[in-house]
Structures are given as C-alpha cells and as structure tokens.
Amino acid sequence: MTAPHLLVPVPIPDRIAALIGACTPAHILQAEFDADCAAREVRRFRGPRLGIEDQADRELALSELARANKVLAAHHPHLVVRPGSAW
C-alpha cells in the first residue's frame, strides 16, 4: 500500500488535460486558476519582516485564495489549494 504523501506527481498529456477540462464547469476551472495564482502570490511574501505594503498584498492574496477555495470546496473538497502545497 502506498502512502498518499509518497506519491510522485506524473505529468499528463495536454490532450488528456483538455478532456478533463472539457468535463469541468468553467467557473471551477477559473477558481482553480485563481487559487493557484493566489497560492503562488502568498508564497512570494514570506519572512518575518514584511513591509506594510507587502503585508497588505499578502492579505489580499490570502483573501483571493480563500474565495477561490470556497468555490473549489463546494465542487469537491479535494480540490482545495494550500499555499505550501506542491500542486
């Protein structure tokens, strides 16, 4: 039995990704894209000493991530994106 944290992500061909995307509602795809962008933005603002503008930008990215995750979780709980996750 393989533990989920030991699984290696395997890239899928573009045609398969297109088929999966065609079966997924557009607002879910948009939320997934927004969540991924917001998670990358949150990771950008790390460190103990952030300026006021950086703190505000991080909070904005966290709110965008939460908004997108709310849509994703309503569709399927396993689609939620976390700032530190690999995907």
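R44 counts as exposed, at 56% relative accessibility, where exposed means over 50% relative accessible area, buried under 20% and partly exposed in between, computed with a 1.4 Å probe on protein chains only. The model is predicted, so local features need pLDDT of at least 70 and side-chain atom pairs count only at pLDDT 80 or more, whereas totals for chains, interfaces and linings use all residues. Residues are numbered from 1 along each chain as its sequence is written, and side-chain values use heavy atoms, with hydrogens and water left out.

The predictor's confidence in each residue is given by pLDDT, on a scale from 0 to 100. Its mean over the chain is 85, and 87% of the residues reach 70 or more. Helices are DSSP runs (H or I, at least four residues) numbered from the N terminus. Confidence is lowest in helix α1 (residues 14–23), at a mean of 89, and highest in helix α3 (residues 52–75), at 92. Where pLDDT is low, the predicted coordinates should not be read in detail.

R44 forms a salt bridge with E41, with the closest N and O atoms 2.9 Å apart; a salt bridge is a side-chain nitrogen of Lys or Arg within 4 Å of a carboxyl oxygen of Asp or Glu. Both residues lie in helix α2, 3 residues apart, about one turn of the helix. E41 is partly exposed, with a relative accessible area of 30%.

The structure holds 2 salt bridges. R40 forms one with D36, and here the closest N and O atoms are 2.7 Å apart. R40 and D36 are 4 residues apart in helix α2 (residues 26–44), and are therefore separated by about one helical turn. An α-helix has 3.6 residues a turn, so residues three or four places apart point the same way. R40 is partly exposed at 44% relative accessibility, as is D36 at 28%.

Helix α2 has 19 residues and reaches 27 Å from its first C-alpha to its last, close to the 27 Å expected at 1.5 Å a residue, the expected span being 1.5 Å times one less than the number of residues. Its buried residues are I28, A31, A35, A38, A39 and V42. They cover an arc of only 105 degrees around the axis, which puts them on the same side of α2; the arc is that of the directions from the helix axis to the C-beta atoms. What covers these buried residues includes α3, contact meaning heavy atoms within 4.5 Å. The face turned away from the buried side carries the exposed residues A26, F33 and R44.

Notes:
Helices (H or I, at least four residues) and strands (E, at least two) are DSSP runs, numbered from the N terminus.
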